[in-house]
Amino acid sequence: MHNKKRIWQIPWGYRESIAIVLGIVLVGFMLQATIGKFDFYLLSFPFNLYFGILSLAFIVLSVLLKRKAFFIWFTSLSFSVSLIGAITFLSIIMGLTKQVPIIDKANIFTLLGFNQMTSSWAFVLIYFLLLLSLGSTIAKRKPRLTKQYLVFILNHIGLWLILFFAGLGYSDLNRYIMYVEIGETQWRVYDKDSKVVELPIAIQLNSFTIEQYIPKLAVIDKKTGEVLPKDKPIYFQIDTNSKEEFTFNGYKIRLKNYIHNAVRSSDSSYKEVPMKASCPAALVEIRNNNKVKSHWISAGNKMQSPMFMDIDSNLALVMTPSEPKSFISNIEVYTQEGGYYKEENLRVNHPLKAGSWRIYQYGYDNNMGKMSSYSSFELVYDPWLNMVYVGIGLLALGSLLLIIFGKNYKK
Amino acid sequence: MSWDSFIWFALPSILLWVIASLLVYKTNYRLISNILFLMGISTFLLFIILFWNHINRPPFRTMGETRLWYSFFITTIGFITYRIWKYKWLLSYTTLVGSVFIIINLLKPEIHSTNLMPALQSSWFIPHVTSYILSYSMFGASTIAAIILLFKLRKDKEDKELEKLIDNLVYVGFGFLALGMLMGCMWAKAAWGNYWSWDPKETWAFLTITTYLAFIHTRIQKIDIRISLWILIIALILLCITWLGVSYLPSAQGSVHVY
């Protein structure tokens with residue numbers, strides 16, 4: 001006789017898993033609506049440590065009681081897929097609503113935490129359930145010397161480490177922006193309430209340089225200043241190695257000379273001077289019906305006025321302002337514990353590691369460009385970062401094995 | 001070897017790849033096909049080496065140079081993946097995508113006119129994008145196979161081989177997707193100080209990957225395969241939104257992935 005299993009009758013499957021996960025999401029929404037968003041600073045050190053130990057204790061308990069119906073269900077695929085489904089569902093909401101740091105107008109969506117999804121109770125509860133279920137599942141599985149187990153363990157432990165240390169470590173993560181004048185040493189920053197904070201780390205800025213891309217030429221309408229042709233503006237890249245000419249409305253424009261670090265030396269000429277106030281300048285020649293004229297042009301900067309060239313009564317040839325190619329700080333770093341670090345080439349994508357701190361090139365005085373008198377840095381303190389990297393490494397290895405092995409069918 | 005000579009290496013490479021990806025369908029010409037494809041890759045690599053030597057710096061700086069590497073890595077990794085998995089269409093696919101990047105470079109060589117902003121000047125840029133392109137191809141192919149299987153199941157025809165193909169394609173694609181994402185994390189950490197910041201594109205990438213995770217886990221269970229196949233189709237739709245659609249979402253204005 002075939003007996004259809006009724007809901008809540010063990011063993012639990014999808015119906016029970018989905019019901020429980022939905023219930024937890026609803027509890028999350030209710031908590032959100034009544035007590036507001038989850039405060040991550042509840043989990044700052046040492047509370048995250050206690051919570052971490054409790055999670056590990058739970059996982060150990062799950063192994064000891066792995067034959068109990070509850071833990072069989074808790075580490076089952078049905079429950080995992082339901083949790084994955086819930087986190088996907090919450091992420092879709094997050095992907096469709098604009099995430100904001102501060103809510104200015106309350107409505108039903110903000111009440112449920114949709115605009116701050118990652119700190120909403122529903123998201124946090126599902127995240128930690130996932131962490132516990134994943135941990136128990138890893139611990140339950142018997143180690144074997146098989147490809148299948150290797151792929152399983154690398155991917156699952158990798159993911160667990162990332163979720164564990166990124167989630168629990170989040171409240172220990174601090175980031176600050178520090179502004180340092182050239183030649184000075186700074187250890188004070190503003191926190192998010194604009195209060196001055198003294199950090200246990202100081203940065204000495206020895207020098208700051210900006211490298212710029214070689215600019216372009218463009219023809220503009222003298223009355224409106226618009227780059228022509230209006231519907232599809234043409235920018236001609238200056239290239240000293242190329243003999244290519246720039247043709248516009250029958251005018252042939254040719255580059256005769258280019259100086260990257262130029263300073264105006266008379267009313268109408270430039271010479272090379274490698275100083276901060278210099279800017280790119282080009283000597284160009286325009287030919288039209290046997291008429292030839294040459295002129296220096298430059299986009300100028302804060303110290304030098306721009307120079308353009310009349311083509312006719314309506315058109316003028318101009319140079320585009322230089323775009324930054326890289327900005328580089330030469331710094332020395334001192335920590336309170338007596339640490340000393342030095343980096344002559346601190347630039348975007350190349351941070352400096354100083355103990356648990358990482359220092360990033362952040363910005364400079366955009367108005368002054370090359371003449372900026374300061375450089376700014378982002379300082380990130382993340383004591384758990386290395387553990388997240390271990391997780392990323394394991395997961396990357398696991399992914400590589402997925403590519404090589406595919407799905408391992410039992411023969 | 002300057003950029004002017006590119007065409008003399010690019011066209012022979014494309015030709016070799018096209019012939020190889022046609023010959024692969026003829027049983028007796030597999031070996032020749034492999035040799036020709038490798039010759040195409042070598043010709044292309046030779047240009048990169050000579051060009052590198054000519055410009056006296058690593059060619060990673062401009063958009064045009066970046067495309068050189070896409071063509072090289074997509075064909076190379078595509079070929080290796082083909083050798084492991086023996087999916088013949090993979091050679092045609094990598095030939096197509098590799099050639100598209102070459103043709104763009106021939107028609108619109110942005111060798112000095114495109115200035116990469118500092119955040120984009122990273123050694124993670126090329127592997128990050130290459131890995132994603134390869135994963136898209138696997139997921140695209142697996143979804144086509146899933147649709148075919150759904151039609152077959154409608155007529156009550158089972159096809160265990162097709163099931164295996166779908167599973168393997170998804171595993172390989174998932175590997176590339178996860179690698180691409182992890183490399184993105186490393187890059188983001190170096191550029192912005194965060195390995196993950198729930199930027200809208202990241203959120204969409206995350207929910208795409210979790211949907212593929214759901215597929216993989218439902219396939220381990222003995223549940224109706226049609227449910228899994230539908231998850232796969234939904235996953236590809238989400239993937240396309242992540243790839244192309246995020247820029248248009250009102251929730252994504254200000255994303256670091258929108259330029």
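Residues are numbered from 1 along each chain as its sequence is written, and chains are lettered from A in the order in which they are written. Since the model is predicted, local features need pLDDT of at least 70 and side-chain atom pairs count only at pLDDT 80 or more, while totals for chains, interfaces and linings use all residues.

**Exercise 1. Two helix pairs**

Work out how α5(B) packs with α6(B), and then how α2(A) packs with α6(A).

Step 1. Two packed helices are described by the angle between their axes and the distance between the axes. Axes are lines fitted to C-alpha atoms, for helices over the stretch in contact, and angles run from 0 to 180 degrees between N-to-C directions.

Step 2. In chain B, helix α5 (residues 125-154) and helix α6 (residues 160-192) pack at about 155 degrees, and their axes are 8 Å apart. That angle makes α5(B) roughly antiparallel to α6(B), on a scale where angles under 35 degrees count as roughly parallel, over 145 as roughly antiparallel, 65 to 115 as roughly perpendicular and the rest as oblique.

Step 3. The crossing of α5(B) and α6(B) is left-handed; a crossing is left-handed if the near helix is turned anticlockwise from the far one by less than a right angle, and right-handed if clockwise. The contact of α5(B) with α6(B) has 21 nonpolar, seven polar and one charged residues.

Step 4. In chain A, helix α2 (residues 47-64) and helix α6 (residues 121-140) pack at about 45 degrees, with axes 9 Å apart, and that makes α2(A) oblique to α6(A). Their crossing is right-handed.

Step 5. From α2(A), the contact is made by A:S55, A:F58, A:I59, A:S62 and A:V63, and from α6(A) by A:L131, A:L132, A:G135, A:S136, A:A139 and A:K140. By class, the contact of α2(A) with α6(A) has six nonpolar, four polar and one charged residues.

**Exercise 2. Length and burial of a helix**

Check the span of α4(B), and state what covers its buried residues.

Step 1. The expected span of a helix is 1.5 Å times one less than its number of residues. The 19 residues of helix α4 (residues 89-107) of chain B should therefore span 27 Å, and the end C-alpha atoms are 27 Å apart, which agrees.

Step 2. The buried residues of α4(B) include B:L90, B:Y93, B:V97, B:F101 and B:N105, a residue being buried if 20 or more other C-beta atoms lie within 10 Å of its own, exposed if 12 or fewer, and partly exposed in between, with C-beta atoms placed from the backbone.

Step 3. What covers the buried residues of α4(B) includes α1 (6-23), α2 (30-55), α3 (63-85) and α5 of chain B.

**Exercise 3. Backbone exceptions in chain A**

Most residues other than glycine have a negative phi, and most peptide bonds are trans. Locate two cis peptide bonds and two asparagines with positive phi.

Step 1. A cis peptide bond joins A:F45 and A:P46, with omega about 5 degrees, and A:P46 lies in the loop between α1 and α2 of chain A.

Step 2. Another cis peptide bond joins A:L228 and A:P229, with omega about -15 degrees; A:P229 lies in the loop between β4 (216-221) and β5 (236-237) of chain A.

Step 3. A:N290 has phi near 70 degrees and sits in the loop between β9 (279-288) and β10 (291-298) of chain A. A:N290 counts as exposed because it has 5 C-beta neighbours inside 10 Å.

Step 4. A:N349 has a positive phi of about 75 degrees and is found in the loop between β14 (340-346) and β15 (352-354) of chain A. A:N349 counts as buried because it has 20 C-beta neighbours inside 10 Å.

Technical notes: Helix = DSSP H or I, 4+ residues; strand = E, 2+ residues; numbered from the N terminus. Nonpolar A, V, L, I, M, F, W, Y, C, P; charged D, E, K, R; others polar. Contact = placed C-beta atoms within 7 Å.
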